[in-house]
Amino acid sequence: MKNNEMETIGSRPTGFLGKIAGKLMNTIHSSAYKKIIDSYIIRHCGHSKLKTALDIGCGGGVAVKLLSDIDGIKKTIGVDYSDDMVNLSRDFNKKGIAKGIVEIQNADVSALPFEDNYFDIITAFDTINFWPDHKKAISEIKRTLKENGAFFIINAYPKEGTKWHEFVKFKSDIEYKDFLGTNGLKDVQSVIEKNTVIVWGLK
Ligand SMILES: C[S@@+](CC[C@H](N)C(=O)[O-])C[C@H]1O[C@@H](n2cnc3c(N)ncnc32)[C@H](O)[C@@H]1O
């Protein structure tokens, strides 16, 4: 598959190929995302502060499942604007949904259907490249985060000179940090691990 076909499927996975991509992402990302959640999200936020979580662009639902497994978390919500991903995510999280601790909704990051100051943490795993309006997105994220709530971006960090580097919206950790800082988040930090960047800031 060519890079531009991968980009199209990744941007809004739908249909037969989209569903395969969603299932594949769940399998491929599971252990790496668990490590990131344990090493950064829980370490920096602490179990006790994490009661409500939102995962934006949840795809097949793997990060929603991992977040909902955090000790003490009461509600984890996943949103995606692809109906097929919403269905896949609901299927992947059916136990959490049955217990009432997980919800999956069809929503666009530019118009989050949630009240102000609701989430302790918002995550965006491998989705920010596809957002059409980053300013609108961050304003929605800030609106729905609690005071001192954390927003985490986890994204591929390709080498300069590669096709993926041309494709990604933010070309360096400095650009990611500027994006969060200039849009009003505080205590912005980043870590680069192999080909992944993890960037976070507090409201
Ligand atoms: C490459 S997939 C990653 C899925 C999942 N986060 C993961 O890491 O396995 C990107 C996902 O972001 C979703 N997405 C892209 N733009 C979006 C937007 N504006 N609002 C909501 N979801 C979006 C796509 O539908 C797709 O499911």
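Me: In which helix is L67 found?
Reply: The model is predicted, so local features need pLDDT of at least 70, side-chain atom pairs count only at pLDDT 80 or more, and totals for chains, interfaces and linings use all residues. Residues are numbered from 1 along each chain as its sequence is written, and side-chain values use heavy atoms, with hydrogens and water left out. Helices are DSSP runs of H or I with at least four residues, and strands are runs of E with at least two, numbered from the N terminus. L67 is found in helix 3 (residues 62-68).

Me: Is L67 buried or exposed?
Reply: Buried means under 20% relative accessible area, exposed over 50%, and partly exposed in between (1.4 Å probe, protein chains only). The relative accessibility of L67 is 0%, so L67 counts as buried.

Me: Which residues does L67 touch, not counting residues up to four places away in sequence?
Reply: Contact means heavy atoms within 4.5 Å. With those neighbours in sequence left out, L67 touches I37, A53, D55, I73, T76 and T123.

Me: How many disulfides does the count come to?
Reply: A disulfide is a pair of cysteine sulfur atoms within 2.5 Å. The sulfur of C45 is 20 Å from the closest cysteine sulfur, in C58, which is too far for a bond. Seen from C58, the closest cysteine sulfur is in C45, also too far for a bond at 20 Å. The count comes to 0 disulfides.
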